[in-house]
Amino acid sequence: MKIGQYLKYYLNVKLIGNNFLRYQRIKASSKKIIPLKWRTDILAPPLKIDAKTKELIAKHYLEGQFVSGVRPVAWVTSGAPVEILKALDYYVLYPENHAALCGARRKVVDISSEAEKAGYSRDICSYARTDLGATLSKKTPVGRLPKPDLLLACTNICQTVLSWYRVLAHYYNVPLALIDTPFIYGELRDHDVEYVKKQLEDLITIAERVSKRKFNYNNFIRVAKYSKEATELWLEIMKCCKHKPAPISVFDQFIQMAPIVEMRGQKITIDFYWAMLKEIKKRISDGIGAVKNEKKRLLWDNLPIWYKIRYLSEYFGERGISIVASTYTNAWGELASLIDYSNPLESMAKTYLNPILNHGPKYKLNKMKKMIDEYHIDGVILHSDRSCKPYSIGQIDQRNTISKECGVPSLLLEADHNDPRAYADLQVETRLAAFVEMLK
Amino acid sequence: MLRIAALGIDVGSTTVKIVGVNDTGGITWHHLEQTEPSIEKQTARFFDIIKEKIENLKDIPVIATGYGRNLVKEAIRSVTEITCHAKGIYKEFGHGGTLVDIGGQDSKVIVIDSEGKVIDFVMNDKCAAGSGRFLENTATRLGYKINEIGDLAMKADIEVPISSTCTVFAESEIISMIASGKDTSSILKGLHKSLIKRIVAMIRSVNFMPPLLLSGGVVNNIAIRKMIEEEMGEKLIMPTYPQLMGAYGAALIALDENK
């Protein structure tokens, strides 16, 4: 570690940046001002925890600007076994989360075009294009992204990450650790667990070598505990939406899921979700619903449409419709039970084999049927995401089965989670309007 | 003077339709024009026409539908063409089914239950090769009128497959086919088949409920009717005014709201 780099890091992050962001959060929380554009006539006021979310995210990316040379840096896929890296004190960057942030801030067309100019097809996932565009052009709304020392890709979410991370490995000339998770067609098989466990052991060796640090088993157990506790809290928050009216909508969930994805394994994440759970329970006891006058409740399938969060939230809010649950946000909480401290590596192998996208479409369908029942769902919106093929495959059959067996109407909404060029306002509005008319 | 209790206006991408209904929901008047660039001016003119035919336009409820539905200032509110088509069809037949509506800009498949309620729908508006515009463009390119090509396609013994998935590229494919001496009727037959395959794929993507119903301007095209029946193995039922179902449904909704 160079002293100059460390001083810069300490001064900008620890001494000034973090304290300034904390002060901003306290100031914002004390004023209790509702943003001018917020539709208080149809929606509950913003969650108080929002200010904390902003602080956490801002601190995370601020640290990223100065962390190179101070802590080892890893870029990882969203479903990667990050606990191993966290135990070695890696600073972990999630290109998917960064891309989503670019989407929410409407920077994707500009940044993604940089990748397209370099020859990457528009048929590639828009997260990948945003990340590759940001890598090539250095464009980002967060200031600067740290260069990775290690790349970690886990195939439990899709196969695109394989090629995407190979491009990054070539570009940055850094090692790429790959966790290959066999697809689960039926039950989880012992040899699959053994196969992934062996790769986790290899990952420890690679991560030690890159960071020049020794893996500490106690640290690892502590991080795993933090991960498990945070995911359990997240699931508890999701379950609160079974209540009528639902205290938060899926749009709140999309925003508040950032810490569970990119800050898993940290104590701060547990504190954050404890505070959020407390606020939500208060909403329930006060009878506050995310949508005022909740008349209908929907289930969302697939990733959010990041650049249309506000529009969709208001569109449904105006009509007394609350989207109370989603397969996507739920997925981040349903793995928790698999973590077992007495057998951490094996249980971690099971955990990371188990994401919804590593199972066949029928697995997701069964989850949806269960959620329709438990969350008292009146209709389902299946976002057919041009970018996310593994999530979108089978949706036509899932839609028909839901209509037939659950008796609730469902809508297939064609869009893209990050690229607004694959979204047509007028066409989406017609579909939504017709769907709302069906719900009446 | 006409007896009109409610009005429905369907502002589509190709045509604008207005329908007036009496107290019992029967069509008493309708008017249809090609869609003009300025929808506000065109719909205002529609209402000028009707003002001359009835006395109390102000008291008559109007519901707008179609892609330009939000631009009709005279409407009390707008309703999507999905709901309006279902309403119109149910009123005419008294039963549900699976309605295929092939419009100028989009195609829709709407499943209507035995009480006239929409229980499912799919739309194709991303690709012109699944809409009426596909036939219109290529007919023009071949020098035929839109109402001639169905009969011509039916005369062909063999069908020339069209491989392009895009309206624009299909045009250039057709030009090269003509250049290589392919028979126009056979090309047209292939063209119709290409559209029908897309429509049938849409029908198969919903929980199909018989009977099979067809609306939209393409109802007049015999080749479309025959090919859908062949592909689906179902007899088609068509309304009396296939192009007016959206506007008719809108008028019926307006009538209900006034009761």
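The model is predicted. Chain A has an open sheet of four strands with parallel pairing, and chain B has an open sheet of five strands with mixed pairing. Helices pack on both sheets, with α13(A) on the sheet of chain A and α1 of chain B lying across four strands.

**The sheet of chain A**

- The strand order is β6-β5-β7-β8 in chain A.
- β6 and β8 (410–415) of chain A are the edge strands, each pairing on one side only.
- On average, neighbouring strands of this sheet are turned by 30 degrees against each other, direction ignored.
- Strand β5 (residues 296–301) of chain A pairs with β6(A) in the parallel sense over five bridges. Within that pairing, Lys296(A) has Ile321(A) of β6(A) as its bridge partner.
- Strand β7 (residues 379–385) of chain A pairs with β8(A), also in the parallel sense, over six bridges. Ser384(A) stands opposite Glu414(A) in β8(A).
- Strand β6 (residues 321–326) of chain A is mostly covered, with six of its six residues buried.

**The helix on the sheet of chain A**

- Helix α13 (residues 309–318) of chain A belongs to a right-handed β-α-β unit together with β5(A) and β6(A).
- α13(A) packs on the sheet and touches β5, β6 and β7 of chain A. The direction of α13(A) makes about 125 degrees with that of β6(A).

**Helix pairs in chain A**

- Helix α9 (residues 217–240) and helix α12 (residues 267–286) of chain A pack at an angle of about 15 degrees, and their axes are 9 Å apart. α9(A) and α12(A) are therefore roughly parallel to each other, as angles under 35 degrees count as roughly parallel.
- The crossing of α9(A) and α12(A) is left-handed. Residues of α9(A) in the contact include Tyr226(A), Leu233(A), Trp234(A) and Ile237(A); on α12(A), they include Tyr273(A), Trp274(A), Leu277(A) and Ile284(A).
- An α-helix has 3.6 residues a turn, so residues three or four places apart point the same way.
- Helix α16 (residues 361–374) and helix α18 (residues 395–406) of chain A pack at about 35 degrees, with their axes 10 Å apart. α16(A) passes α18(A) in a right-handed crossing.
- In α16(A), the residues that meet α18(A) include Pro361(A), Leu365(A), Met368(A) and Ile372(A). Among the residues of α18(A) that they meet are Gln398(A), Ile402(A) and Cys406(A).

**Helix α5 of chain A**

- Helix α5 (residues 108–117) of chain A has the buried residues Val108(A), Ile111(A), Ser112(A), Glu114(A), Ala115(A) and Glu116(A).
- The cover over these residues of α5(A) includes α4 (95–104) and α6 (126–137) of chain A.

- The five strands run in the order β3-β2-β1-β4-β5 in chain B.
- At the edges are β3 (27–34) and β5 (77–78) of chain B, each pairing on one side only.
- Strand β2 (residues 15–21) of chain B pairs with β3(B) in the antiparallel sense over seven bridges. Val19(B) has His30(B) in β3(B) as its bridge partner.
- Helix α1 (residues 39–51) of chain B lies across β1 (6–11), β2, β3 and β4 (62–65) of chain B. This helix runs at about 145 degrees to β3(B).

Notes. Residues are numbered from 1 along each chain as its sequence is written. Chains are lettered from A and ligands numbered from 1 in the order in which they are written. This is a predicted model: local features need pLDDT of at least 70, side-chain atom pairs count only at pLDDT 80 or more; totals for chains, interfaces and linings use all residues. Side-chain values use heavy atoms; hydrogens and water are left out. Two strands pair if DSSP finds at least two bridges between them. Helices (H or I, at least four residues) and strands (E, at least two) are DSSP runs, numbered from the N terminus. Contact means heavy atoms within 4.5 Å. Axes are lines fitted to C-alpha atoms, for helices over the stretch in contact, and angles run from 0 to 180 degrees between N-to-C directions. Buried means under 20% relative accessible area, exposed over 50%, partly exposed in between (1.4 Å probe, protein chains only). A crossover is right-handed if, with the strands pointing away from the viewer, the path from the first strand over the helix to the second runs clockwise. Angles under 35 degrees count as roughly parallel, over 145 as roughly antiparallel, 65 to 115 as roughly perpendicular and the rest as oblique. A crossing is left-handed if the near helix is turned anticlockwise from the far one by less than a right angle, and right-handed if clockwise.
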